[in-house]
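Morning, everyone. I have one chain to walk through today. Please have a look at it first.

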Amino acid sequence: MNKKRIHRLIRCLFVTGILFFVNNVLRAQQKNVLGTIIVDPGHGGVDPGAHGQFSTEAAVALSVSLKLGKALAQELPDSKIIFTRTTDELPGGGTNIHESLHYRADMANEAKGDLFIAIHCNANGMRAGGWYAKRIVGHKTHTITVGKGSKKRKKTVRKPVYESYWVKNNEHGTETYIWAADRTGYKGEAINESSGESVEDSTNDLDLNSPEAIIRSQLYEKKYFKKSMLLAGFVEDEFTKEGRFSRGVKQRNEKGIWVLQATGMPSILVETGFITQTEEEEYINSEKGQDEIVAAIMSAIKKYKASLEGNASVTPPPATTPAPAAPSTNN
């Protein structure tokens with residue numbers, strides 16, 4: 001091969017490489033990083049979730065989710081918004097809670113979701129509002145007779161004096177859950193079974209039990225963990241800016257939150273507040289409270305989107321470490 005042909009071949013390869021690079025850059029720029037967003041109002045129908053003094057978790061979650069969906073449609077018009085439910089019924093209809101959880105995850109995976117957001121309310125397992133308890137406030141002397149027959153005698157004993165007092169259920173604040181990075185397997189299975197981002201990697205025909213598929217799912221699992229953590233941090237940061245008490249970002253370290261472990265995409269579960277605390281229940285049911293909750297989540301999603309798009313001006317959220325005790329709420 002003469003020198004001219006060699007130089008011509010090198011130039012051809014160089015131009016081809018440049019074109020390939022430019023084409024990939026353009027494709028990356030054209031791709032909507034949040035093409036499909038799944039909004040999942042927790043519970044519904046026969047499953048009301050946690051109970052407050054006058055409301056249920058299912059009702060609050062649905063109201064907040066519908067408002068969030070409306071905000072997403074306005075702020076991100078190029079994104080497709082899908083709800084797992086829009087009425088007071090379990091996703092997919094029916095009365096089987098377990099099946100409805102699978103339905104939520106299956107819907108998200110089949111829709112090739114880029115993001116899954118579950119909306120919930122928190123509860124601490126105690127009576128909403130508060131409860132009466134008893135405590136010892138003193139003692140009184142009491143004479144009793146002990147023994148029988150000739151052994152009978154009087155004995156002075158001290159008995160405690162109790163009073164009832166009101167214990168306010170004051171646990172409150174926001175927190176956002178993600179699926180823990182160290183729990184490999186569950187999320188990886190969902191990633192392999194989903195038809196989401198993996199389609200872009202041309203792995204549809206890959207044997208899901210092959211070493212390549214397992215490695216691929218583990219890589220995506222780590223990738224989704226980082227993205228989920230990033231968004232969750234933004235959410236809690238925005239709540240803090242609004243004056244809410246943030247309990248931080250929590251990793252779910254065991255099976256339990258099915259929609260986090262079974263969705264093959266970045267996913268978060270937002271606890272918007274404690275429905276069992278009087279002031280917070282009023283807040284998360286109010287128009288003002290729900291509007292502020294939606295605004296915080298919406299702002300976080302926009303920052304998350306900008307970060308995925310490589311916007312250097314976006315500052316990552318601070319590390320969220322839950323405080324040992326919550327201050328009194330102002331809500």
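What percentage of the 331 residues in the chain is buried? Buried residues make up 42%. Keep in mind that this is a predicted model.

Some totals, then. The secondary structure comes to eight helices and eight strands. Take the contacts between residues at least 6 apart in sequence: 79% of them join residues at least 24 apart. The accessible surface of the chain is about 18200 Å². Carbon and sulfur atoms account for 53% of that surface.

Now the sheet. Six strands form an open sheet, and the pairing is mixed. The order is β2-β1-β3-β8-β6-β7. Which strands stand at the edges? They are β2, residues 80–83, and β7, residues 246–252. Each has a single partner strand, so one side of each is left without a neighbour in the sheet. From one strand to the next, the twist averages 20 degrees.

Let me pick out one pair. β3 and β8 run parallel to each other and pair over six bridges. Look at phenylalanine 116: its bridge partner is serine 267 in β8.

Next, a helix on that sheet. α2 lies across β1, β2 and β3. Its direction is at about 145 degrees to β3.

On to α7, residues 278–285. Which of its residues are buried? Glu280, Glu281, Tyr283 and Ile284.

Last, two residues with backbone angles to check. Histidine 43 sits in the loop between β1 and α2. Its phi is near 65 degrees, a positive value in a residue other than glycine. Is histidine 43 buried or exposed? Its relative accessible area is 18%, and the cut-off for buried is under 20%, so histidine 43 is buried.

Lysine 112 is in the loop between α3, residues 97–110, and β3. Phi here is near 55 degrees, again positive in a residue other than glycine. With 44% relative accessibility, lysine 112 counts as partly exposed.

That's my tour. Over to you.

Key:
Residues numbered from 1 in each chain as written. Predicted model: local features only at pLDDT ≥ 70, side-chain atom pairs only at ≥ 80, totals over all residues. Heavy atoms only, no water. Buried < 20%, exposed > 50% of the residue type's maximum accessible area, 1.4 Å probe, protein only. Helix = DSSP H or I, 4+ residues; strand = E, 2+ residues; numbered from the N terminus. Pairing = 2+ DSSP bridges. Axes fitted to C-alpha atoms, helices over the stretch in contact; angles between N-to-C directions. Contact = heavy atoms within 4.5 Å. Areas by Shrake-Rupley, 256 points an atom, 1.4 Å probe, with all protein chains shown as cover.
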